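Welcome! Have the chain in view as you read, and follow it from the overall layout down to single residues.

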Amino acid sequence: MKKVVILLFSFLLFGFKNPNNDTPIIIHFEQILNEYRYSNGLNRIVIDESIKEFTDYRSKSIVEDYSHNGFKENLQYYNLNAKSAGENIAMVRNIPKNNKPYWSSDIKEIGDILNKMAMGTSTNYDIALYCFLKWKHSTSHNELLLNPKIKRFHLSYEKSETFYYFCFIGLD
């Protein structure tokens, strides 16, 4: 009974999942992340448009140098003097639609999403869930997702011919 009440409360608090492809990836990601944080006893975090320019810059930077190099320096350059700050990055293959599932993964949901991408049936929700699951199943990335000091974030991505490059930045 307790799980039913918590689940109902979660739906009322966060709304039902809407895999509509017109909804931006960041909105889906915010919903997925906040449901996860709530289930771990943490407060919601909010999208902060004031760090969008910085996050956009970082997502472009990782196309050329897929690393966290320059994060701290760029944080200072953009005058974002946060006491707590972190960055998660992800590279998602921009799979051409070929109508052939091909991917397997130790994490079934991730393999399913990649197969949807290969089939040309993935949605923005699938892409947001993919990033979330990759970070959730990585200890160091998960620490940022569950950092109780983080109160705001932005998620940006850059698309190349072969990859999407995602950058999540969380600040206090």
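A residue is called buried when its relative accessible area is under 20%, exposed when it is over 50%, and partly exposed in between, using a 1.4 Å probe and protein chains only. The model you see is predicted, so local features need pLDDT of at least 70 and side-chain atom pairs count only at pLDDT 80 or more, while totals for chains, interfaces and linings use all residues. Residues are numbered from 1 along each chain as its sequence is written, and side-chain values use heavy atoms, with hydrogens and water left out.

**The overall layout**

Let's start with the whole protein. Helices (H or I, at least four residues) and strands (E, at least two) are DSSP runs, numbered from the N terminus. The protein has seven helices and four strands. Read from the N terminus, its elements run α-α-β-α-α-β-α-α-α-β-β. Of its 172 residues, 45% count as buried. A contact means heavy atoms within 4.5 Å. Among contacts with a separation of 6 or more, 60% are between residues 24 or more positions apart.

**The sheet**

Two strands are said to pair if DSSP finds at least two bridges between them. The four strands form an open sheet in the order β1-β3-β4-β2, with mixed pairing. At its edges are β1 (46–47) and β2, each of which pairs on one side only.

Strand β4 (residues 163–171) is mostly covered, with eight of its nine residues buried. It pairs with β2 in the antiparallel sense over nine bridges, and A90 stands opposite F166 in β4. Strand β3 (residues 152–159) also pairs with β4 in the antiparallel sense, over eight bridges. Here L155 stands opposite F168 in β4, and F153 stands opposite G170 in β4. A hairpin of three residues joins β3 to β4.

**Two helices to look at**

Helix α3 lies across β2, β3 and β4 and runs at about 40° to β3. That angle is taken between N-to-C directions, from 0 to 180 degrees, with axes being lines fitted to C-alpha atoms, for helices over the stretch in contact.

Helix α2 (residues 25–39) lets you check a length. The expected span of a helix is 1.5 Å times one less than its number of residues. For the 15 residues of α2 this gives 21 Å, and the end C-alpha atoms are 21 Å apart, which agrees. Helix α2 is mostly covered, since 12 of its 15 residues are buried; among them are I25, F29, L33 and Y36. After α2 comes G41, whose phi is positive, near 75°.

**Aromatic rings**

Rings of Phe, Tyr and Trp (its six-membered ring) pair if their centres lie within 6.5 Å; planes under 30 degrees apart count as stacked, over 60 as edge-to-face and the rest as tilted. By this rule there are 15 aromatic pairs. In one of them, the rings of F54 and Y78 have centres 5.3 Å apart and planes at 45°, so the pair is tilted. The two residues are 24 residues apart and link distant parts of the chain: F54 is in helix α3 (residues 52–64), and Y78 is in the loop between α4 (71–77) and β2 (85–93). Both belong to one aromatic cluster, formed by F54, Y57, F71, Y77 and Y78.

The table gathers some residues by their accessibility.

| Residue | Relative accessible area | Class |
|---|---|---|
| F54 | 1% | buried |
| C131 | 1% | buried |
| C167 | 0% | buried |
| S84 | 12% | buried |
| Y78 | 21% | partly exposed |
| N79 | 57% | exposed |

How many disulfides (pairs of cysteine sulfur atoms within 2.5 Å) does the structure hold? It holds zero.

Two more residues of the table deserve a visit. S84 has its place in the loop between α4 and β2. Leaving out residues up to four places away in sequence, S84 touches K149, I150, G170, L171 and D172. N79 is also found in the loop between α4 and β2. Its phi is near 55°, a positive value in a residue other than glycine.

Key. Disulfide = S-S within 2.5 Å.
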